[in-house]
Amino acid sequence: MTHTAEDFVPGESVRYIPFHAGGDIKHPDCENGVVSSQNGKYVFVKYWRNGMLQNTAQATQPEDLVKT
């Protein structure tokens, strides 16, 4: 299912699946994060890195995200 930015709300847990992963949610390049906000085009996600939730949210294409 393809999502739009409006489908995401702050505080939701998501998983980023890069295009090259071919939809494989277990691909090693996938990342988990928490939605910070959205602007109608992008979803801003704070990703977990090295066991810590990052302070800066990254603009992410909504079609590359799944809710967890």
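The charged end of Lys67 sits over the ring of Phe8, 5.4 Å from the centre of that ring. Keep in mind as you read that this is a predicted model.

**Strand pairing around β1**
- Strand β1 covers residues 13-16, and β1 pairs with β6 in the antiparallel sense over three bridges.
- β1 also pairs with strand β2 (residues 31-38), again in the antiparallel sense, this time over four bridges.
- Within β2, Glu31 is the residue that stands opposite Tyr16.
- A handy reminder for reading such strands: in a regular strand the side chains alternate between the two faces of the sheet.

**The aromatic pair**
- If you search the whole structure for aromatic pairs, you will find one.
- It is formed by Tyr16 and Tyr47, whose ring centres are 6.2 Å apart; their planes meet at 70 degrees, over the 60 needed for edge-to-face, so the pair gets that label.
- Because Tyr16 belongs to β1 and Tyr47 to β3, the pair ties together parts that are 31 residues apart in sequence.
- Tyr47 has a relative accessibility of 4%, which is under the 20% cut-off, so Tyr47 counts as buried.

**Trp48 in β3**
- Trp48 is found in strand β3, which spans residues 43-49.
- With a relative accessible area of 44%, Trp48 falls between the 20% and 50% limits and is therefore partly exposed.
- Beyond its neighbours within four places in sequence, Trp48 is in contact with Glu31, Asn32, Gly33, Val34 and Leu53.
- For one of these, Asn32, the C-alpha to C-alpha distance to Trp48 is 6.0 Å, although the two are 16 residues apart in sequence.

**Two loop residues**
- Asn50 lies in the loop between β3 and β4 (52-53).
- Although Asn50 is not a glycine, it has a positive phi of about 55 degrees.
- Asn50 has a relative accessible area of 81%, over the 50% limit, so it is exposed.
- Asp64 has its place in the loop between β5 (58-60) and β6 (65-67).
- What is the nearest side chain of opposite charge to Asp64, which is buried yet has no salt bridge? That side chain is Arg49, 12 Å away.
- Setting aside neighbours within four places in sequence, Asp64 is in contact with Arg15, Tyr16 and Ile17.

Notes: Residues numbered from 1 in each chain as written. Predicted model: local features only at pLDDT ≥ 70, side-chain atom pairs only at ≥ 80, totals over all residues. Heavy atoms only, no water. Buried < 20%, exposed > 50% of the residue type's maximum accessible area, 1.4 Å probe, protein only. Contact = heavy atoms within 4.5 Å. Lys, Arg positive; Asp, Glu negative; His and termini not counted. Salt bridge = Lys/Arg side-chain N within 4 Å of Asp/Glu carboxyl O. Phe/Tyr/Trp six-rings, centres within 6.5 Å; stacked < 30°, edge-to-face > 60°. Lys NZ or Arg CZ within 6 Å of the ring centre and 35° of its normal. Pairing = 2+ DSSP bridges.
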